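Please look over the sequence and the model shown here before reading the briefing that follows. The notes begin with the chain as a whole and then turn to its parts.

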Amino acid sequence: QRQMCIRDRGTCEEDVPEEKQCIPCFSDEEARKIAEMAKEVESHYGSPQDIEWAIETDLPYPDNIFLVQTRPITTLTKKSAVDQIADLMVTRFVRR
């Protein structure tokens, strides 16, 4: 990735230093925690949810992960939303 969002009297974008552009944005354990949160939210509301989350880099894991918003998913494929989110996270963000 070449740009990142940061908090600075609001949200702004900054260039990611070249040496950090290929480094995952979050850890494997953070990815697992986000997937766990997605499953809990889906169970709570009784239907697949589109969730938004944020990671605060100045806080220690797991207190650094925040659920920002959730809403029902109105269009679905054969896989559940949680499975789709987990697949996306594994293929795009989790270190191999």
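A contact is counted when heavy atoms lie within 4.5 Å of each other. On that basis, residues 24 or more positions apart account for 42% of the contacts in the chain with a separation of 6 or more. This is a predicted model, in which local features need pLDDT of at least 70 and side-chain atom pairs count only at pLDDT 80 or more, while totals for chains, interfaces and linings use all residues. Residues are numbered from 1 along each chain as its sequence is written, and side-chain values use heavy atoms, with hydrogens and water left out.

**Overall layout**

- The chain has 2 helices and 4 strands, where helices (H or I, at least four residues) and strands (E, at least two) are DSSP runs numbered from the N terminus.
- Read from the N terminus on, the elements follow the order β-β-α-β-β-α.
- Of the 96 residues of the chain, 21% count as buried, a term for a relative accessible area under 20%, with exposed meaning over 50% and partly exposed in between (1.4 Å probe, protein chains only).

**The β1–β2 hairpin**

- Strands β1 and β2 pair in the antiparallel sense over 5 bridges, and two strands are said to pair if DSSP finds at least two bridges between them.
- These two strands form a hairpin with 3 residues between them, and R9 in the turn has a positive phi of about 55°.
- The bridge partner of R7 is T11, which belongs to β2.

**The largest nonpolar core**

- The largest nonpolar core is made up of 6 residues, namely F26, A31, I34, M37, I65 and M89; such a core is a set of buried Ala, Val, Leu, Ile, Met, Phe, Trp, Tyr and Cys residues joined through side-chain atoms within 4.5 Å.
- Helix α1 (residues 28–45) gives the most to this core, with 3 residues.
- Leaving aside neighbours within four places in sequence, I65 is in contact with E30, K33, I34, M37, A54 and I55.

**Residue Q69**

- Q69 is found in strand β4 (residues 65–72), and Q69 is partly exposed, with a relative accessible area of 36%.
- Apart from neighbours within four places in sequence, Q69 is in contact with D50, I51 and E52.
- The C-alpha atoms of Q69 and I51 are separated by 5.7 Å, although these residues are 18 residues apart along the chain.
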